[in-house]
Amino acid sequence: MKSRSAAQTRHKHRLEWWQDARFGLFLTWGLYSVIGRHEWAMVCEAIPMSEYELLAQRFKPDPNAARQWAKVAKQAGMKYMVMTAKHHEGFCLWDTQTTDYCAPRQACGRDLVAEYVQAARAEGLGVGIYYSLMDWHHPDGQKCAKDLAARKRYISYVHQQVRELCANYGKIDILWYDCALPLKSAAAWQTKKMNAMVRRLQPDILIDDRAHLPGDFKTHEQGIHYGFGGGPWETCMTLNDSWAYQAADDAWKSPKRIIRDLLACARGNGNYLLAVGPQADGMLPEEAVKILTTVGKWLAVNGAAVYGTDPCPLGNSVFSLPTRKGNKLYLNCYHWPGRQWSLPGWKFKVKSAHILATGQPLRFQQDRYRVRFMDCPKKPPQPLVTTIVLDCDRPPVRQMTREQVWTANERPSVDVTFH
């Protein structure tokens, strides 16, 4: 029992920084950036391996690329990064002893993982490494599904690569497995053995759940699903429609949309990992930098509504999304409601209210059925999203439904029970 308790305490300690961080940058980068179409281009376009391998002679990124990522991430208010050390194409961005199909032994001539780790640490960011278990380039990468000898060779290859990534670059904060195919079980991948090796090398590392075993946190793509049944969670979403650099993709999400998604994750006690695909030279697209800079300016003023927040059980209104920290409730108004507005029957008492960005106090009245705000600014006090801070007499809990409030208000004799 004591050992289990100690393990739970250590797990909680490992997670603290990550759950406080809330916001990270996901970098999907490899040879596919050279053709600028998609990270699945080799398969989707049926490009022969002999032809695709030639991209390694054209992949010569700028030595300052990783520094740009880290500076942009920090300016955006992000607290950690995750970079693809190897995607499904099989090209390795680090100095591996397992294959010559890697950046240091091709035209690039440099260890790009080392550059990334150094840049992230220089900006005080957490370091995450993405590793695809699937590999289209390795001769046993697909054969291993049915050929036991091929499986033995390929598992040894994978475990050695993961060992290198965890042993050769100092402290690594996150190991982000992906695409555990074609093998379909933890036993086949020997995930338990692999994770034990990882934790010996990196005792405080966080490991995701994509290698057929529960991890330190759950992951989901392109949607916010509030915890997937409980426990720490993260959603990864793209800044436009693409994970990797796609030259023709101009479907950029607005800064306001990014802020709303980030707040939605924070409300549900989850993290938001936002994906941007670096170009072939390694630099982030100009539009991505512009959007992230705008988000960062908002977070510099309103970060208290995001970082280190607690789960918030209150529902959204038609114009705001709530987050919470202790007894403070943050109403994040993405549609400014105007001079007078109200929110339905809360079980807790509001002691004071002010606008986070300006400190301007707001006048309000509270009864059993609603909190009514009066004499508010007519126009939004802040661009994008205006955050209002409510100091409450206790941690905010679930309120009455609008229907319950309306029924009680119209028919006072009805006994309404808060829940």
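## Helix packing and a pocket: worked exercises

In this predicted model, α5 and α11 pack with their axes 7 Å apart, at an angle of about 35°. The exercises start from that pair.

**Exercise 1.** State which residues make the contact of α5 with α11, and how they divide by class.

*Solution.* 
- Step 1. From α5, the contact takes Q68, V72 and Q75.
- Step 2. From α11, it takes V289, L292, T293, G296 and K297.
- Step 3. Sorted by class, these residues give 3 nonpolar, 4 polar and 1 charged. Gly is counted among the polar residues, which is where G296 of α11 goes.

**Exercise 2.** Describe how α5 packs on α6: give the angle, the axis distance, the handedness and the residues that meet.

*Solution.* 
- Step 1. Helix α5 spans residues 65-75 and helix α6 spans residues 112-122.
- Step 2. The angle between them is about 35°, and their axes lie 8 Å apart.
- Step 3. The crossing of α5 past α6 is right-handed.
- Step 4. On the α5 side are A66, R67, W69 and A70; on the α6 side they meet E115, Y116, A119 and A120.
- Step 5. This contact holds 6 nonpolar and 2 charged residues, and no polar ones.

**Exercise 3.** Work out whether α10 is parallel or oblique to α11, then characterise the contact.

*Solution.* 
- Step 1. Helix α10 (residues 255-267) packs against helix α11 (residues 286-302) at about 55°, with the axes 9 Å apart.
- Step 2. Angles under 35 degrees count as roughly parallel, and 65 to 115 as roughly perpendicular. The angle of about 55° therefore makes α10 oblique to α11.
- Step 3. The crossing of α10 past α11 is right-handed.
- Step 4. α10 contributes P255, I258, I259, L262 and L263, while α11 contributes I291, T294, V295, W298 and L299.
- Step 5. The class count is 9 nonpolar, 1 polar and no charged.

**Exercise 4.** For the second largest pocket, find the volume, the lining residues and the helix that supplies the largest share of the lining.

*Solution.* 
- Step 1. The second largest pocket contains about 160 Å³ of space.
- Step 2. Its lining consists of K192, N195, A196, R199, I207, L213, P214, G215 and D216.
- Step 3. Helix α9 (residues 191-201) gives the largest share of that lining, 4 residues.
- Step 4. By class, the lining has 4 nonpolar, 2 polar and 3 charged residues.

Methods
Residues numbered from 1 in each chain as written. Predicted model: local features only at pLDDT ≥ 70, side-chain atom pairs only at ≥ 80, totals over all residues. Heavy atoms only, no water. Axes fitted to C-alpha atoms, helices over the stretch in contact; angles between N-to-C directions. Helix = DSSP H or I, 4+ residues; strand = E, 2+ residues; numbered from the N terminus. Parallel < 35°, antiparallel > 145°, perpendicular 65-115°, else oblique. Left-handed = near helix turned anticlockwise from the far one by under 90°. Contact = heavy atoms within 4.5 Å. 1 Å grid on protein atoms, 1.4 Å probe; cavity = no way out; pocket = protein on both sides within 12 Å on 5 of 7 lines; lining within 4 Å. Points joined across faces, edges and corners; volume = space filled by probe spheres on them.
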